[in-house]
Amino acid sequence: MSDSQAKRTMPRVLISLLVTLVIGAIWFYVSLPAINLHNTGFFSFILVLLLIYILVFMIALGVDTGSQGIHLRDYLSFAKNQCKVVVILVLILAAIFVVGQIISAPVLRSGTYRDLLAVDTGDFATEIEQVSFDEVPMLDESSARRLGNRKLGELSDMVSQFEVAYDYTQINYKGRPVRVASLEYGDFFKWFINTKEGLPAYVTVDMVTQEAQVVRLSSLGASGMRYSPSEYFTRDLNRTLRFRYPTYMFSSAHLEIDEEGQPWWVCPRETRTIGLFGGADIIGAVLLNACTGEHMYYDITDIPTWVDRVYSAELICDQYDYHGVYVNGFINSLIGQKDVTVSTDGYNYLAMNDDVYMYTGITSVSSDESNIGFLLSNQRTKETTYYAAPGAIETSAMASAEGVVQDLGYSSTFPLLLNIGGEPTYFMSLKDSSDLVKMYAMVNVSQYQIVATGVTVAACESNYLSLLQQHGISVNVDEDSEIIIDQSNISGTVAEIRTAVLDGNSWYYIRLEGSEVFYAISATADQNVVILNVGDAVTIQVSPDATGSILDASSISAGGANPTQPAPETTTTPQEDEADTPAEE
């Protein structure tokens with residue numbers, strides 16, 4: 001190139017660079033790619049900028065880019081002659097990208113993919129204790145979402161300006177399984193009006209009591225949440241993270257609260273451990289105070305114990321699938337498939353030892369009807385244990401439970417696997433069309449035709465243990481003792497029937513002749529109660545330890561000439577107030 005050509009070209013180069021940098025800055029501000037060679041989005045970002053530079057340079061030199069007489073070879077010739085450095089950079093990036101994909105491929109690195117997740121083997125009978133139902137979630141996320149939205153709707157000063165975010169994170173808060181969600185602005189104009197004060201509250205839903213609460217930050221002595229995904233510009237959560245940690249790759253951030261109730265965004269930091277783009281894993285997390293913007297990065301081993309989730313359930317399932325599929329190499333995963341296993345389509349969460357564990361079933365890759373075991377994985381530490389528990393797949397258990405209440409149209413939540421009486425047992429909630437929990441179900445894993453339901457967890461457990469014994473299965477509380485769950489049959493003649501509707505369920509209160517005790521049972525628990533009349537002979541099944549003037553019954557049947565146990569007598573009568581006492585039929 002002559003000096004005169006260089007003098008004419010240099011200003012156009014500078015103009016092209018300036019325009020490209022301006023476009024790149026705007027694009028970076030919007031798309032926020034991590035400046036990291038492990039991030040495929042970074043390659044796309046740089047490649048497009050280089051192409052933009054070539055296009056702008058062509059325009060600056062006066063090349064008619066819209067002329068029909070110019071063909072692809074003309075553009076390539078121009079790029080070769082005028083933009084050699086840029087073309088070389090494009091080729092280098094393309095080569096790095098292609099090589100990175102190849103060296104990250106499972107076909108070459110199946111053993112490394114298999115070892116992404118360390119899986120211990122445990123014994124269900126000795127290691128999985130019978131948990132208290134105060135630690136077992138009774139709701140799924142959709143039910144929690146419905147309760148949280150309804151609670152916010154009761155607050156007139158908030159519902160017109162804010163909405164509840166879609167994601168509800170399950171955490172342990174003060175020893176209770178809780179789901180928590182932030183608020184978000186209703187729209188841009190509501191953001192503009194309220195952004196100075198920030199989001200004033202967050203929502204919690206107790207997964208056991210099903211109580212939703214809107215927690216105002218002012219009651220905690222804190223200001224509003226000024227950093228969240230619903231903010232705009234510099235206070236947007238993702239933009240805040242990118243400008244403070246430009247080289248970090250983050251998985252989805254989620255809201256948690258510490259033991260003082262202060263809201264924090266937990267932002268797990270991702271890396272790639274296989275080649276350039278394979279083997280996604282978590283190596284740490286940034287904790288960002290949603291109110292003040294205070295932030296700190298922790299390595300994975302140093303994350304505070306109040307944080308409950310760093311590894312997402314999806315990541316753990318993906319890593320287990322690599323572990324199960326490539327257990328005997330890549331070729332075996334395609335041909336023969338000896339010992340190949342995968343996680344089932346679904347997962348749930350269980351609170352244990354003040355941590356949140358992800359549960360999912362494990363099934364053979366060649367079978368879709370049964371499980372061979374299940375995983376429990378700590379979402380803070382990724383400590384994962386496999387427990388052998390052959391039996392029905394979760395969807396089969398859900399179908400069994402739904403079949404018992406098919407006339408009511410209830411749907412089942414994804415089950416948890418619990419130790420009930422020493423037996424691996426699926427526990428699930430049954431919801432109506434409004435996502436409200438109406439009943440509970442327990443299904444035996446190995447014999448999924450054993451299905452018990454109840455309108456309370458206690459009633460469901462009692463019915464389930466009774467069914468186990470009827471099928472000749474012993475019920476144990478620990479290794480050294482065995483308990484016999486029995487229910488007493490009380491027979492007599494119906495003297496009085498009262499009814500009431502409680503929480504959308506029809507309840508019947510039966511009094512037998514010669515007794516003042518009422519036996520309470522819902523129509524969903526036993527439909528026989530609907531057709532009873534005064535004067536019918538019946539047999540009612542109740543717990544032998546039950547006391548009081550109103551006793552819960554688990555079943556009722558016609559007949560009862562030879563009572564196993566006489567109807568108890570008492571001078572106490574049910575309290576008759578307008579709110580609680582069923583009206584006489």
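**Entry 1: the nonpolar patch.** I looked up which helices build the nonpolar patch in this predicted model, and found that α4 (84–103) and α5 (106–114) each supply at least two of its residues. Helix α4 gives the largest share, four residues. I noted the members as V98, V99, I102, I103, V107 and L108, which together make a nonpolar surface patch of about 520 Å².

**Entry 2: V99.** I then checked one member of the patch. V99 lies in helix α4.

**Entry 3: V19.** I turned next to another valine. V19 is located in helix α1, which covers residues 3–31. With a relative accessibility of 33%, V19 also counts as partly exposed.

**Entry 4: the cores.** Which residues touch the most other members of the largest nonpolar core? I found F133, V136, L183, L418 and F427, within a core of 93 residues. Strand β20 (residues 437–444) contributes the most to this core, with six residues. I also noted a second, separate core of 18 residues, with I497, Y519, I521 and A553 among them.

**Entry 5: F427.** I listed the contacts of F427, leaving out residues up to four places away in sequence. F427 touches F133, V136, P137, M138, P415, L416, L418, Y440, A441, M442 and V457.

How values were computed. Residues are numbered from 1 along each chain as its sequence is written. This is a predicted model: local features need pLDDT of at least 70, side-chain atom pairs count only at pLDDT 80 or more; totals for chains, interfaces and linings use all residues. Side-chain values use heavy atoms; hydrogens and water are left out. Buried means under 20% relative accessible area, exposed over 50%, partly exposed in between (1.4 Å probe, protein chains only). A nonpolar core is a set of buried Ala, Val, Leu, Ile, Met, Phe, Trp, Tyr and Cys residues joined through side-chain atoms within 4.5 Å. Contact means heavy atoms within 4.5 Å. Patches are made of residues with over 30% relative accessible area and no salt bridge: like charges are joined within 9 Å, nonpolar side chains (Val, Leu, Ile, Met, Phe, Trp, Tyr) within 5 Å. Accessible areas come from the Shrake-Rupley method with a 1.4 Å probe; for residues, only the protein chains shown count as cover. A salt bridge is a side-chain nitrogen of Lys or Arg within 4 Å of a carboxyl oxygen of Asp or Glu.
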